[in-house]
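Have a look at it first.

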Amino acid sequence: MKKYVLHPWKLTSVYCLFLFLMMLCGGIQAQDDSSLAEVKPVPVLTGSTAYFTRVNGGKVQDAPTVSPLLLLPIGDHLLIESKAGLSDTFSKNAQGDYAGTVSYGMAYAQADYITKYATFTAGRFTTPFNIYGERLAPNWIRDLQGTPISVPITSGAALGGMVRGGLPLGTDKVHLNYATYFSTANTNHILATDRSTGGRIGFFLPGPRLEIGASFQQVLQQDRPHAVGTHFEWQPNAFPLTLRSEYTRSSGTRGSGYWVEAAYRLSQIPHMGATELVGRGQQFFAAANLAPAVAKKLGPLGVDTNEGDWGLNYYFGSDVRASASYGRQFALGRNANLWTIGMTYRFVMPMWPTGGGL
Amino acid sequence: MKLKSFSAALVMMVVVFALASAKTRDAKDDSAKPAATSQSTQHDQDLRLEGEKRFHSNCSRCHAAPPKFPPRMMGTIVRHMRVRAMLTDDDVRYILRYMTQ
């Protein structure tokens, strides 16, 4: 039997051919894609700023943050988008002086080539796993400022390529959305990523405004753990309620967990339409038989935790929001009250003359 | 020799892709010719309602309604959200129309 050896240059050429065919398909499909050509978009700077005071088990911290997002459209099908984050977390030390830590990072910096049924992304991007990281993480969007404990179970950022998109499944009553990616390892302290692959698939029913989906991630380094996840989101048409939930389970040391969140906008009550009530319950289960040193290194992912949070959001128009929340965390040997109060502001500004209108 | 064949294949692919892109541009130029502009008020109203419905089905799932921006800004924002929220092509068309009128 003849053995075949796949040389690297052959593999590269096959990969190039595949990418080329996909781009060609996109180019031909674009003939009847007029939605992006109707309006000539301009570069836009958007993002959010926030200031929050947090009390975690009696320890008070203040944290101003700014997260600018630059959107640079090129032609009819390209979009360059880059989001950074800068925050300063400070608190009073034993001497009564304020001391803080400045942290910064690059959430994503990606180039998107958009066609009718697929978008091809290259660069650094948010890993498509469940819905929190991609859709709900910005502080002007999230209903409760605390990130669910189970979110960091999976690798949240990737450096490589991704194919994603949304399309109706034969009928407009069911939409399919999908994303699949491959990431290389990067050890830069700001841009660190794992070598991993995975994806997400979701089915969205626009009528009842219901989405269910599943995700998978396989890390291709160190002990090569994989993770599976499911998500659910529902906004009933009859009343202003949003229900969301995620479940994540890892085969490695990072355990498993879920959260369920409900947000109710009081728009049916006179003079209370700008107010939103939020509640979230979550459970996290640490991996079995963790060595003490490993559990310590994992931090919140190293100990079983139950947590309940309740919050109140008040919207000053569409861009400014005040938020307050209280939570009770039950962790082994470390129960704590969690208080949060602060404000978020979402900004949007053009970086080029818009030609007016509206 | 293998490298030359590979390079020749790549050049051919680029040429074919350029031709396909030119064809796309031609198709767009043809479509840009003056068309009948008289649209009924009822048709506009239907499009607006459909855009509003799709906005509430997709965008309002995650965030409050933003103010309406100039069309060229909204074109960028909707393109960004098409990628992030994995909107369908029809969703983008209706939502962009709704948010710019």
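Predicted model: local features only at pLDDT ≥ 70, side-chain atom pairs only at ≥ 80, totals over all residues.

As for where the alanine sits, you'll find Ala122(A) in strand S5 of chain A, which covers residues 119-126. Leaving aside residues up to four places away in sequence, Ala122(A) touches Gln110(A), Ala111(A) and Gly161(A). Now go 14 residues along the chain to Leu136(A): the C-alpha atoms of Ala122(A) and Leu136(A) are separated by 22 Å.

Over to chain B. What pattern does chain B follow along the sequence? Reading along, you get α-α-α-α, with four helices and zero strands. Chain B has 101 residues, and 32% of them count as buried. If you take the contacts in chain B with a separation of 6 or more, 72% come from residues 24 or more positions apart.

Let's zoom in on helix H3 of chain B, residues 71-85. At 1.5 Å a residue, its 15 residues should span 21 Å, and the end C-alpha atoms are 20 Å apart, so the two values agree. Which residues of H3(B) are buried? The list takes in Pro71(B), Arg72(B), Met73(B), Met74(B), Gly75(B) and Thr76(B), then Val78(B), Arg79(B), Arg82(B) and Val83(B). Following H3(B) comes Met86(B), with a positive phi near 55°.

Note on methods
Residues numbered from 1 in each chain as written. Chains lettered and ligands numbered in written order. Helix = DSSP H or I, 4+ residues; strand = E, 2+ residues; numbered from the N terminus. Contact = placed C-beta atoms within 7 Å. Buried ≥ 20, exposed ≤ 12 C-beta atoms within 10 Å, placed from the backbone. Expected span 1.5 Å × (residues − 1).
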